Amino acid sequence: MKVSYIKGQANQQVNSFAALTENAFTQAVFKDALKSMKIADKGRLIPEDADVDEYQFYIQGVGFHLAHALTWMRQLNSAVELLTNYDYSKRISTSRADHLIYNIENYLIRLNSTYDRMLQLTNAVFHICTHEEHVSHSVIITNVKVQHRPEVVEKLKAIKKNLDKYAQDRHAIIHKHSLLDEKLRQIELLYQDNLLCQMTGEEKNQIKLVRKNCLRDYVVAKKAEFQNMNFKLNKLAEELFEELLIEYEFQKQQFKLRGY
């Protein structure tokens, strides 16, 4: 796989995330949230323990969950870069194989949790007020308010479907065992210290060359796979945001009609 192709995918991933931060929904929510957090005519942030009305509660709640969703997705981009960041491993006992396994499993866990962030955001935008602990796919998708926005249901399901291919890996990592990837486990074996103990200098050099090539080929392939996944996820999230903006503006209008 050519380096230029990998760099192109990396740029594509970064650009798609930038589009998320710059779209109309994100800009509107953060502008409103910052305004609601300031004391009128003084430009100072209100104290954290200040009383807020329902409208401020709504605006700040949407801003809170949007900020956390975007931070989570930005960290997914960083997670791909960390697959090849081995600098710190020179100062601790962690091998390159340990580093790689940790970061791949971390990515898979965080990837599928993105959908949870989208559900929390949808809960906030629609002002459903379901407690965070009880927010789930079925609760949000079947909610009457959300059902009246079939486009939102469609976009949420599209995100879930896109992530489902990794859902079993995440479940296994969290609840059962480490990722059972044959190539990854081969790399782990090649980086075992006791593998080299009984070898001559020439044999050690050969093993080190083999594991270096195996590691490089595996990482290049995984980075391309994960960058492509992040790109798709960012685009699907952007489509969801476009639909959430409609509901967000509707909710604000309803608050105005109620005198807020």
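A residue is called buried under 20% relative accessible area, exposed over 50%, and partly exposed in between. The legends below describe a predicted model.

**Figure 1. Asn85 in the loop between α3 and α4.** Asn85 is found in the loop that joins helices α3 and α4. Its relative accessibility is 30%, and Asn85 therefore counts as partly exposed.

**Figure 2. The largest pocket and its lining.** The volume of the largest pocket is about 320 Å³. Its lining consists of 16 residues, and Phe57, Gly61, His65, Ala124 and Glu132 are those that lie nearest the centre. Helices α3 (54–81) and α4 (96–125) each contribute at least two residues to this lining. The largest share, seven residues, comes from α3. By residue class, the lining of the largest pocket comprises seven nonpolar, eight polar and one charged.

**Figure 3. The second largest pocket.** The second largest pocket holds about 180 Å³ of space. Two or more of its lining residues are given by each of α4, α7 (150–163) and α8 (167–175). The residues that line this pocket are Asn112, Tyr115, Asp116, Lys160, Leu163, Asp164, Ala167, Arg170 and His171. They divide into three nonpolar, two polar and four charged residues.

**Figure 4. Helix α11 and the residue Gly259.** Helix α11 spans residues 201–257 and has 57 residues. From its first C-alpha to its last, α11 reaches 80 Å, which is close to the 84 Å expected at 1.5 Å a residue. Just after α11, Gly259 adopts a positive phi of about 95 degrees.

**Figure 5. The protein as a whole, for orientation of the close-up views.** The protein contains eleven helices and zero strands. Its pattern along the sequence is accordingly written α-α-α-α-α-α-α-α-α-α-α. Of the 260 residues in the protein, 42% are buried. The accessible surface of the protein comes to about 14900 Å², and carbon and sulfur atoms account for 52% of that area. Among contacts between residues at least 6 apart in sequence, 75% join residues at least 24 apart.

Key:
Residues numbered from 1 in each chain as written. Predicted model: local features only at pLDDT ≥ 70, side-chain atom pairs only at ≥ 80, totals over all residues. Heavy atoms only, no water. 1 Å grid on protein atoms, 1.4 Å probe; cavity = no way out; pocket = protein on both sides within 12 Å on 5 of 7 lines; lining within 4 Å. Points joined across faces, edges and corners; volume = space filled by probe spheres on them. Helix = DSSP H or I, 4+ residues; strand = E, 2+ residues; numbered from the N terminus. Nonpolar A, V, L, I, M, F, W, Y, C, P; charged D, E, K, R; others polar. Buried < 20%, exposed > 50% of the residue type's maximum accessible area, 1.4 Å probe, protein only. Expected span 1.5 Å × (residues − 1). Contact = heavy atoms within 4.5 Å. Areas by Shrake-Rupley, 256 points an atom, 1.4 Å probe, with all protein chains shown as cover.
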